[in-house]
Amino acid sequence: MDHRKDHRSGTEPILEKALPRSVDVRHLRALPSGIAPKAEVQDWAERLAPAFYLDVGNVCNQHCLYCAVPRDKAYRAQCQDVEWVASSAVGHGYDCAALIGGEPTVWPNLIPTLKTIREGGVARVILATNGLTLAVPGVLQELVASGVDCVGLSLDDFAPVVQRRLTRHEDNPRLVAAALESLAASDAVHTYVYTVVTGALSGRMAEHVAHCLEWANRFCNPPAFIFAGLKPVATALHHWPELAISMAATSQLVAEAIAGLAGGAAVAYRDIPLCQPGLPPAHSLDLAHEQGAIDLASGCTRPAPLARDRTFVAACQGCRLRRWCPGIYQDYVAAYGDKEFQPVV
Ligand code: SF4
């Protein structure tokens, strides 16, 4: 099977993504008083922002159980639209593009479009990828030559049997290991390993951390390990019963990861409310990054309103971190209630 191909049956049509009027961005922001980020977390926060998100479509070559991207209809961006979004973003002062999908590396126009947007003023490109394509010899080098200097590699578990189940891709463990080898050997790219925390990691974080440290020692450029809360949306919501983990249990696992990795590698978390006991705020990327959107015609920036599927609960009223908090998924509150959330005063 060619893992560079997308996963569709071949009969499903791919729609053209509509030309967006605005584009999501992330900025750096000042942290609340009394909270200082870890130096290495701040370095990574600055590597990842300011940036604009360049969505090339939701087509992917995997069917992860925890996918948070709506996949009811397949769509792809058009080259000229991507180029217009990028040149507009550059014109409004954003010269770092964060490529997202779906899986950006299966977008057929990726390399020529990267070259075009680089010529148009995009200085840096961050690629979020499942890594399957990076297993192909020469692909990483081609991406680097086209401007990619930072790669976020999804890797949720080092145990092959678990990773196969989560990604629903039989060959994922072998291909992602090959991608890690390529990334580790490159001094032209910075890598963060992106782990969505599911119940599969319960009781196994020490083992996971040991693998992270083993890999960290092999990288030319020190990698970061970013742990993200599971989002009860899209495919992940459908598979919630087999993936689910409470916010308290997620936070406990992330706290274990931080304790195990701190000193050995950069470690951060995101998409986890800031009031969870045991979670050191100095490792939160949500504190360092503010999400927003720019109107591509006017350049007007607006702060991102709370995402449509998230909410605050009664306890958040008196919380001093509310301004920095990513909020709580509405479906999470519906399933687990709001007792885990207490204001930070
Ligand atoms: S109490 Fe609410 S606003 Fe404060 S950190 Fe928790 S979820 Fe966020």
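In which sense do β5 and strand β6 (residues 124-129) pair, and over how many bridges? The two strands pair in the parallel sense, over 4 bridges. The legends below describe this pairing and other parts of a predicted model.

**Figure 1. Overall fold of the predicted protein chain****.** The protein chain contains 12 helices and 14 strands. Its radius of gyration is 19 Å, close to the 20 Å given by the globule rule for 345 residues, so the chain is as compact as a globular protein of that length. Along the principal axes, the C-alpha atoms fill a box of roughly 50 × 50 × 40 Å. Of the 345 residues, 44% are buried. Among contacts between residues at least 6 apart in sequence, 78% join residues at least 24 apart.

**Figure 2. Strand β5 and its covered residues****.** Strand β5 spans residues 96-100 and is mostly covered, with 5 of its 5 residues buried. The side chains of the strand are divided between two directions: C96, A98 and I100 point one way, whereas A97 and L99 point the other way. Residues of both sets are buried.

**Figure 3. Pairing of β5 with strands β3 and β6****.** Strand β3 (residues 51-55) pairs with β5 in the parallel sense, over 4 bridges. Within this pairing, Y53 has A98 of β5 as its bridge partner. Strand β6 (residues 124-129) also pairs with β5 in the parallel sense, again over 4 bridges. Here the bridge partner of L99 is L127 in β6.

**Figure 4. The buried and exposed faces of helix α1****.** Helix α1 comprises residues 39-48, and V41, W44, A45 and L48 are buried within it. Viewed down the helix axis, the buried residues of α1 fall within an arc of 105°, so they line one face of the helix. An α-helix has 3.6 residues a turn, so residues three or four places apart point the same way. The face of α1 turned away from the buried side carries A39 and E46, which are exposed.

**Figure 5. Residues around the ligand****.** By residue class, the shell around the ligand divides into 13 nonpolar residues, 1 polar residue and 1 charged residue.

How values were computed
Residues numbered from 1 in each chain as written. Predicted model: local features only at pLDDT ≥ 70, side-chain atom pairs only at ≥ 80, totals over all residues. Rg over C-alpha atoms; globule rule 2.2 N^0.38 Å. Buried ≥ 20, exposed ≤ 12 C-beta atoms within 10 Å, placed from the backbone. Contact = placed C-beta atoms within 7 Å. Near = placed C-beta within 6 Å. Nonpolar A, V, L, I, M, F, W, Y, C, P; charged D, E, K, R; others polar. Arc of directions from axis to C-beta. Pairing = 2+ DSSP bridges.
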